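Subject: Structure handover

Dear colleague,

Here is the structure you are taking over.

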Amino acid sequence: MERDSAHLKELLRNETRAVERLVVLLGQERDALTGRDIDAIERVTQAKIEQIGQVEHASAARESWARTAGVAFEGRAFEQLVTDMANAANDAELVEVWEKLREAMREAHRENLVNGRVISRSRQTLSHLLDILRGQVDAPRLYGRAGQTGSLNEGGEIARA
């Protein structure tokens, strides 16, 4: 059990390092996106794609180890295995290494969501600007007597003398 614990810790550490490098790249990506630096976006995107491959490789190694141990790769079963192995080997560090990986994954997820929002907002802004250039600007929406919205060109009365 000791050897399995040591091997699992090494797999978890490798995966953590890969995820932490991805988090750094996601931060660089956000900076490039908010700065609208096309060259940096291209460089970081390429590096991010390569790093995701590293994360997938490390994750596949852990999945293979879990299958060999006869445990589901994701979810409670794997977490329970880590806890059981740590208790059996009197190895609190194993749980700490697992928690560090989980926190790195949560951070990568948060960073990725932020970047997704930045990209989405940029797309909305670009779409709106293109609509303006094409002359496809929506007429302002106003509320009528019945409380329904309408636009100025729908012929509704704005005021009565």
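The model is predicted, and the values here are computed from it.

Core. The largest nonpolar core has 23 residues, and those with the most contacts inside it are Leu-8, Leu-12, Trp-65, Phe-78 and Leu-94. Two or more residues each come from α1, α2, α3 (76–88) and α4 (92–134). The biggest contribution is that of α1, with eight residues. Leaving aside neighbours within four places in sequence, Phe-78 is in contact with Leu-8, Arg-62, Trp-65, Ala-66, Val-71, Ala-72, Phe-73 and Trp-98.

Helix pair. The axes of α3 and α4 come within 8 Å and cross at roughly 150°. Angles over 145 degrees count as roughly antiparallel, so α3 is roughly antiparallel to α4. On the α3 side the contact is made by Phe-78, Glu-79, Val-82, Thr-83, Met-85 and Ala-86, and on the α4 side by Leu-94, Val-95, Trp-98 and Arg-102. By class, this contact has seven nonpolar, one polar and two charged residues.

Salt bridges. A search of the whole structure finds 13 salt bridges. A few of them are set out here:

- Arg-67 pairs with Glu-63, with the closest N and O atoms 3.6 Å apart. The two are four residues apart in helix α2, so about one helical turn separates them. Arg-67 counts as exposed at 56% relative accessibility, while Glu-63 counts as partly exposed at 31%.
- Glu-99 and Arg-102 form a salt bridge at 3.3 Å, N to O. Both lie in helix α4, three residues apart, about one turn of the helix. Glu-99 is partly exposed at 33%, and Arg-102 is partly exposed at 25%.
- Arg-110 and Glu-103 meet at 3.1 Å, N to O, in a further salt bridge. Each is partly exposed, Arg-110 at 43% and Glu-103 at 33%. Elsewhere, salt bridges that share partners join Lys-9, Arg-13, Asp-91 and Glu-93 into one network.

Single residues. Gln-51 is in helix α2 (residues 38–69). Its relative accessibility is 9%, and the limit for buried is under 20%, so Gln-51 counts as buried. Apart from neighbours within four places in sequence, Gln-51 is in contact with Ala-18, Arg-21, Leu-22 and Leu-25. Asp-31 lies in helix α1 (residues 2–35) and counts as exposed, at 52% relative accessibility. The C-alpha atoms of Asp-31 and Asn-115 are separated by 9.4 Å, although these residues are 84 residues apart along the chain.

Regards

Technical notes. Residues numbered from 1 in each chain as written. Predicted model: local features only at pLDDT ≥ 70, side-chain atom pairs only at ≥ 80, totals over all residues. Heavy atoms only, no water. Buried < 20%, exposed > 50% of the residue type's maximum accessible area, 1.4 Å probe, protein only. Contact = heavy atoms within 4.5 Å. Core = buried A, V, L, I, M, F, W, Y, C linked by side-chain atoms within 4.5 Å. Axes fitted to C-alpha atoms, helices over the stretch in contact; angles between N-to-C directions. Parallel < 35°, antiparallel > 145°, perpendicular 65-115°, else oblique. Nonpolar A, V, L, I, M, F, W, Y, C, P; charged D, E, K, R; others polar. Salt bridge = Lys/Arg side-chain N within 4 Å of Asp/Glu carboxyl O.
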